Amino acid sequence: MKTLLLASILIACRQPSSASTSTTWRELSVGVTDCHVDATPGDGIDDRAALQEALDRGCADLGPGDFEIVTPPDRIGIGSLGIIKLVAGSTLRGAGPSTVLKFSGDCNHTDWSGLYINSDDVMISDLTLDTSDLANTEEQTHAVNVKGPAAHLTIDSVWFRHP
């Protein structure tokens, strides 16, 4: 039986302490000077490593176009969780619905997550997540998977294309 969860977000959040406050996008971006992603949209080359590298620095700003994110073969068989991981304090921004993260690859009948969040103060905004080119997704498919504890998350103006 095929289970497909449209735009699923699995959340196991901890209760914020009285000392915690909400962080704004502007506060997260302070001190981060290079949000450039070394990837060219629409060139047919896997942009996964370039996107992950930018997010590991703290932010990734993408222009319009299709960015290819291929499920790596080494993730198959162990559960394809976290193709792209968003670290604490990271931001992923597009230029609107014309910025597309186009996920593809053989999921080998395992759970699959495109954007994986398990930390605080993460923001995703202004892009489209397209999972229509994934194969063998007979298990759970999550364009965004939030697995806590995680607090102060913002997902704003994100469009989803699931088959």
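Visitor: Which strand does Asp106 lie in?
Guide: Asp106 is in strand S5, residues 99-106. Keep in mind that this is a predicted model.

Visitor: Is Asp106 buried, exposed or partly exposed?
Guide: Partly exposed, because its relative accessible area is 40%, between the limits of 20% and 50%.

Visitor: What does the side chain of Asp106 contact?
Guide: The side chain of Asp106 makes a polar contact with that of Asn136, at 2.9 Å.

Visitor: Where is Ser113, and what does its side chain contact?
Guide: Ser113 belongs to strand S6, residues 112-117. Its side chain is joined to that of Asn145 by a polar contact of 2.9 Å.

Visitor: And is Ser113 buried or exposed?
Guide: Ser113 is buried, because its relative accessibility is 0% and the cut-off for buried is under 20%.

Visitor: Switching to the sheet. What order do the strands take around S6?
Guide: The order is S3-S6-S8, in an open sheet of three strands with parallel pairing. S3 and S8 are the edge strands; each has a single partner, so one side of each lacks a neighbour in the sheet. On average, neighbouring strands here are turned by 20 degrees against each other, ignoring direction.

Visitor: How many bridges join S3 to S6?
Guide: Three, and the two strands run parallel. As for individual residues, Lys85 has Tyr116 in S6 as its bridge partner.

Visitor: What about the backbone, which peptide bond is cis?
Guide: The bond from Gly148 to Pro149 is cis, with omega near 10 degrees. Pro149 sits in the loop between strand S8 (141-146) and strand S9 (154-161).

Visitor: Next, the core. How many residues are in the largest nonpolar core?
Guide: It has 30 residues. Leu51, Leu92, Leu101, Leu115 and Leu129 have the most contacts inside it.

Visitor: Which elements give two or more residues to this core?
Guide: Helix H2 (48-57), strand S2 (65-70) and strand S3 (84-86), together with S5, S6, S7 and S8. As background, nonpolar side chains tend to be buried together in soluble globular proteins.

Visitor: Overall then, how many helices and strands are there?
Guide: Two helices and nine strands. Along the sequence the pattern reads α-α-β-β-β-β-β-β-β-β-β.

Visitor: How much of the chain is buried?
Guide: Of its 163 residues, 44% count as buried. The accessible surface of the chain is about 8000 Å², with 51% of that belonging to carbon and sulfur atoms.

Visitor: And what share of contacts joins residues at least 24 apart?
Guide: The share is 84%, taken among contacts between residues at least 6 apart in sequence.

Technical notes
Residues numbered from 1 in each chain as written. Predicted model: local features only at pLDDT ≥ 70, side-chain atom pairs only at ≥ 80, totals over all residues. Heavy atoms only, no water. Helix = DSSP H or I, 4+ residues; strand = E, 2+ residues; numbered from the N terminus. Buried < 20%, exposed > 50% of the residue type's maximum accessible area, 1.4 Å probe, protein only. Polar contact = N/O pair within 3.5 Å; in protein donor to acceptor, adjacent residues only side chain to side chain. Core = buried A, V, L, I, M, F, W, Y, C linked by side-chain atoms within 4.5 Å. Contact = heavy atoms within 4.5 Å. Areas by Shrake-Rupley, 256 points an atom, 1.4 Å probe, with all protein chains shown as cover. Pairing = 2+ DSSP bridges. Axes fitted to C-alpha atoms, helices over the stretch in contact; angles between N-to-C directions.
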